[in-house]
Amino acid sequence: MIFREGDRMKWIFLALAIPTLALAYHPTSQRDCSPLDLRNNTLGPVRNQGNISWCYAFTAADMLSYTFEKERISAADVALNYNESLVGRIMATVRPNGKPHETGFNKVALSKAMKDGYCPEGVFPSENWIKVEDGKEYSIPMTEAMKEISGLHKMRSTLTSKNLPFHFKFKNVGREEFLSLLQTKKLRNFYVNLRDEACRDDRVAFETRWKVKMVFKNKKIFSRISEQLEQNRLVGMDYDARILEQRDHQGVKLSELHTSILIGRRWNEERGLCEYLIRDSRGAQCTRYDSRYECSEGNVWLGESEIYNGLISVVYMRSGGR
């Protein structure tokens, strides 16, 4: 059966609403768990999504940067582009906190970004935005900037170039341009227009478009993951985030849905199992993870048993029929 993208999302939500079944999985043998580490300079340090639920977009941006050997791709651009997809338009509204719609699906984000091209991180930042106030510039977290922009938007009808208290600076967007963008009736459209204006001279097309594959949790899922890692391909993972904080956690809850990348593999002799390296998007700090995990600069090793307990699906890209 072929599902339209909107129908596919309904089925995904239905699947997430069903408690995870305690099905046995095929563990990876030591022979098939040779060490792999795909970290490189293209990926760079782990990024921090802050208080916005754009984990799927940070994952997609890193996967695209790595796969196509591009400069660091803007996760904010990927997220706002996702919101213009069919699924994004169905689900997206500007939230009460003034931020654009936050949750999304890595698979859709990857496909739409490959179709529409990307904006470099240096042009449209995903972590900190530059606030200009009284002639001085301040770097503040993007999520805080969005709250302040929301406040300005509510009073847009009273704002002029003379009384605008501050603005946020981007390429192609100075004080006057920022004020003009604020005049849109819907805050959602402000972000669409901001992204378009900032990236207008720097959007880069992908030379090729790879297929995007989503595979739901099954007993042979780790064979599929290893197959991709061994081909030097990153694997996006949709899962219950509580497995990061509680090694013994089991089960899936929709409100805890999170997306990260699998970027490595190794055999843990002491535990007698294969472990995978998760690159999260919560920055370089390791304090939020279960202390029994080994973590370095935001990259954390989890065993197959922990991953399987909270796993929902994996997403990866492939060229041609491979």
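Modeller: Gladly, and please keep in mind that this is a predicted model. Two strands are said to pair if DSSP finds at least two bridges between them.

Colleague: OK, so which order do the strands have in the open sheet of three?

Modeller: The order is β3-β2-β4, and the pairing in this open sheet is antiparallel. The edge strands are β3, residues 136-141, and β4, residues 167-169, each of which pairs on one side only. From one strand to the next, the twist averages 40 degrees.

Colleague: How many bridges join β2 to β3?

Modeller: Six bridges join β3 to β2, which covers residues 128-133, and these two strands run antiparallel. Within that pairing, K131 has Y138 of β3 standing opposite.

Colleague: And which helix lies across those strands?

Modeller: That is helix α6, residues 142-154, which lies across β2, β3 and β4 and runs at about 110 degrees to β3.

Colleague: Changing topic, which residues have the most contacts inside the largest nonpolar core?

Modeller: They are W54, F124 and W129, in a core that has 89 residues. Helix α2, residues 55-67, gives the most to this core, with eight residues.

Colleague: What does W129 touch, then?

Modeller: Leaving aside residues up to four places away in sequence, W129 touches a list of residues that includes F124, Y138, I140, M146, I149, F168 and L194.

Colleague: Last one: how much of the whole protein is buried?

Modeller: Of its 322 residues, 52% are buried, and the secondary structure of the protein comes to eleven helices and eleven strands.

Key:
Residues are numbered from 1 along each chain as its sequence is written. This is a predicted model: local features need pLDDT of at least 70, side-chain atom pairs count only at pLDDT 80 or more; totals for chains, interfaces and linings use all residues. Side-chain values use heavy atoms; hydrogens and water are left out. Helices (H or I, at least four residues) and strands (E, at least two) are DSSP runs, numbered from the N terminus. Axes are lines fitted to C-alpha atoms, for helices over the stretch in contact, and angles run from 0 to 180 degrees between N-to-C directions. Contact means heavy atoms within 4.5 Å. A nonpolar core is a set of buried Ala, Val, Leu, Ile, Met, Phe, Trp, Tyr and Cys residues joined through side-chain atoms within 4.5 Å. Buried means under 20% relative accessible area, exposed over 50%, partly exposed in between (1.4 Å probe, protein chains only).
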